[in-house]
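Me: I am new to this structure and would like to learn how to read its features. Please take me through them step by step.

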Amino acid sequence: MPDEKTDVVSDVLETLRFKTLLFGRFELGAPWALRLPRKVNASFYVVARGGLRLQVEGLAQPVFLSAGDVVLLPRATAHVLDDGTRKVPRDFITHEQLRASSGTAVRLGGPGATTTLITGCFQFGVDPTHPLLRAFPPIIHLSTQESGRTPSLAAAVQLISAETAEPGPGSALVVGRLADVLLVQALRAQAVLAKPGEGGWRALADPAIGNALALMHERPGDPWTVERLAAAVGLSRSGFAARFHALVGETPLQYLSNWRMTRSARWLHESDDSLDAIAERAGYESAPAFSKAFKRRWGMGPGAYRRTPTLRETRLALIDT
């Protein structure tokens, strides 16, 4: 076991090049309604004041949000938000209005009671098929009434609300960092509050499987086998393999192989290391063996992948998706 267990959530988010892109702050006067189509980028909302109703495509029941609540829609599902007073919203604020208002506090809607909404989206630049991301439910609602809500999440909500209410020099940078903190705090809460069936998140809370994941993340290039991992966490081979698959959704060696490829993709973009060095770091005996596995996973060889644009180079395009 490592002396200090690797933080799997942080390692996943850092390796997947997690980014948040903030749309802005909106003062929405009743009656109001927003219709958002399915997008590439997943959405998040912070209710700074007032309340609203959220209807997510595919879910039968709406969700009602109040001041201080945070909601994430990880699967970028189409959805409608409104003031909650009408059964069928008719006059929609357009997505174009939201995008054009990015970075400024803007009033939209009618003359009635005001809801203050901070909106944004987030994106993962590498491997959005990671088990933790696949395990997201369609909606993550962190309510002010939720017993698992942490003081640090509440503090992040207060800070992002205050900074967007009175922006000053450097506010864009400050708000971007606060949005990052907000999302990490929300994902941390999801790991604690995950329900049965929510895959990878429950795996993190399981002592044996959580430790096995930490070992693979800390030393991805080690010659891990199912037997060696099982022994390291104090389980039989069969018991470990069955529990890992039930909680993570894939076998231990499938997870290890996919994680090695994800880490390798980042190493290729962010270092000048040779293919031999990256292959060794990823646990492969030779560059040809590594290249074959990499092409099977990503559909192109390591050299071609190294020449593809990174998320940072396409960041502005993401805002318009």
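Me: Is Phe-244 buried or exposed?

Reply: This is a predicted model, and every value here is computed from it. Phe-244 has a relative accessible area of 0%. Buried means under 20%, so Phe-244 counts as buried.

Me: What is the relative accessible area of Tyr-255?

Reply: Tyr-255 has a value of 3% and is buried.

Me: How many aromatic pairs does the structure hold?

Reply: A pair of aromatic rings is described by the distance of the centres and the angle of the planes. The structure holds seven such pairs. In one of them, the ring centres of Phe-244 and Tyr-255 are 6.0 Å apart and the planes are at 75 degrees, so this pair is edge-to-face.

Me: Where in the chain do Phe-244 and Tyr-255 lie?

Reply: Phe-244 belongs to helix α9 (residues 237–248) and Tyr-255 to helix α10 (residues 252–270). The two residues are eleven apart, and their pair links distant parts of the chain.

Me: Which kind of pair do Phe-294 and Tyr-305 form?

Reply: Phe-294 and Tyr-305 are edge-to-face, with 5.3 Å from centre to centre and 80 degrees between the planes. Phe-294 is in helix α12 (residues 287–298), while Tyr-305 is in helix α13 (residues 302–306). Here too, eleven residues separate the partners, and the pair links distant parts of the chain. Phe-294 is buried at 0% relative accessibility, and Tyr-305 is buried at 10%.

Me: Where does the charged end of Arg-228 sit?

Reply: A ring can also have a charge over it, as in this case: the charged end of Arg-228 sits over the ring of Trp-224, 4.3 Å from the ring centre. Likewise, Arg-281 lies over the face of Trp-267, at 4.5 Å from the centre of the ring.

Me: Which residues touch the most other members of the largest nonpolar core?

Reply: That core has 25 residues, and those with the most contacts to other members are Phe-44, Val-46, Val-70, Leu-72, Leu-142, Ile-160 and Leu-182. Elements that each supply at least two residues include α1 (8–15), β3 (42–49) and α4 (151–165). Helix α5 gives the most, with eight residues. Apart from this core lies another, of 23 residues, including Val-12, Leu-132, Val-226 and Phe-240.

Technical notes:
Residues numbered from 1 in each chain as written. Predicted model: local features only at pLDDT ≥ 70, side-chain atom pairs only at ≥ 80, totals over all residues. Heavy atoms only, no water. Phe/Tyr/Trp six-rings, centres within 6.5 Å; stacked < 30°, edge-to-face > 60°. Helix = DSSP H or I, 4+ residues; strand = E, 2+ residues; numbered from the N terminus. Buried < 20%, exposed > 50% of the residue type's maximum accessible area, 1.4 Å probe, protein only. Lys NZ or Arg CZ within 6 Å of the ring centre and 35° of its normal. Core = buried A, V, L, I, M, F, W, Y, C linked by side-chain atoms within 4.5 Å.
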